[in-house]
Amino acid sequence: MTASSVLTPERNRPALNSIADCIGHTPLVQLSRLFPGRDIYAKLELMNPGGSMKDRPARHIIEKGLADGILNQDTHLIESTSGNLGIALAMVSRLYGLRFTAVVDPKITKTNLNIIRQYGANVDMVSVPDAAGGYLQTRINRVQELIQTVPGAYWINQYANELNWQAHYHGAGTEIADSLDQLDYLFAPVSTTGSILGISRRLREKFPLLQVIAVDAVGSVIFGAKPGPRELPGIGASRVPEIFSPAELQQVVHVDDLASVAGCNTLLEQEGIFAGGSSGSVIAALQQLLPELPESARIAVILPDRGDRYLDTVYDADWVKTLRRS
């Protein structure tokens, strides 16, 4: 890295009007201890006020819906969530006085569930796995039942909502583009695929030769792989998102739960970054591919959420013992 190759953003910010204004402008940190001699930067999306990158689409979708008149004070938001978007929607809904119901499944962490409830949101828990062995389709089926019966119901539908990827295009994508004057590779986890598409579409405007590496979970069907058991929430999916655009991604790396846990622990031990399961997946994928990449390559990775929500899973030795190696 040279002093002129990383652009220094303005650090001083004026006083803000609300917690919503704290969303975004997350740090970009070099991982010099974990990857010495390499030019690798982590976008710490875990430092958003709701604890994850999902704060960005939650704010964008709600504020645009209110501005366009699609949402109003009689609206009851409903969404399927594995945790982070539920927290983000609960936080922003509380701010704007909107009702919100999160449709969740048993794999949500206890901490995430408690946070959603503390924000005053309703929680609707499904219990029957779908045909792929996950819960996503079951959650969506429950959402479709609720929008037929709940007065003022509005389904956010993050898997098909174009505002999802647009939030990341204008958010983390623009922030990374403004901070770097060179970038060769982007590693990012996938679930709805909104973040990797939005960020990469903005970055390619400045870095046309950018190679985008998707990090998926073993057992996820997004890229056509065979469905299988997986325990970590927030990465992978048991159905293909409507907004998915595989032609825009150059490669996919599938990471199993145990490798993701190892990635989390390595990130914590080497860099002091306490991150969630999908961040560990990204680190594991990077460790796997790095020997094949040019030593001069500049790489950005996305770390989506905080580790404290995973104290009873990723960072719990007894829970980790229950995982199976794929």
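**View 1. Strand E10 and its pairing with strand E2.** In E10, Ile299 is the bridge partner of Ile40. Strand E2 (residues 39-44) runs parallel to E10, and six bridges join them; two strands pair if DSSP finds at least two bridges between them. Helices (H or I, at least four residues) and strands (E, at least two) are DSSP runs, numbered from the N terminus. This is a predicted model, in which local features need pLDDT of at least 70 and side-chain atom pairs count only at pLDDT 80 or more, while totals for chains, interfaces and linings use all residues. Residues are numbered from 1 along each chain as its sequence is written, and side-chain values use heavy atoms, with hydrogens and water left out.

**View 2. The two faces of strand E10.** Six of the six residues of E10 are buried, meaning under 20% relative accessible area, with exposed being over 50% and partly exposed in between (1.4 Å probe, protein chains only). Arg298, Ala300 and Ile302 point one way, and Ile299, Val301 and Leu303 point the other way. In a regular strand the side chains alternate between the two faces of the sheet. E7 also pairs with E10 in the parallel sense, over three bridges, and Tyr185 stands opposite Ile299.

View 3. Six strands are arranged in the order E1-E2-E10-E7-E8-E9, with mixed pairing. Strand E1 (28-30) and strand E9 (251-255) are at the edges with a single partner strand each, so one side of each has no neighbour in the sheet. From one strand to the next the twist averages 25°. Axes are lines fitted to C-alpha atoms, for helices over the stretch in contact, and angles run from 0 to 180 degrees between N-to-C directions. Helix H6 (residues 194-206) lies across strand E7 (185-189), E8 and strand E10 (298-303), at about 165° to E7.

**View 4. Strand E8 and Gln211.** E8 (residues 211-217) and E9 run parallel and are joined by five bridges; Ala214 has Val252 as its bridge partner in E9. Gln211 is in strand E8 and is partly exposed, at 31% relative accessibility. Beyond its neighbours within four places in sequence, Gln211 contacts Asp184, Tyr185, Leu186 and Gln250, where contact means heavy atoms within 4.5 Å.

**View 5. Leu268 in helix H7.** Leu268 lies in helix H7 (residues 257-271). The relative accessible area of Leu268 is 33%, so this residue counts as partly exposed.
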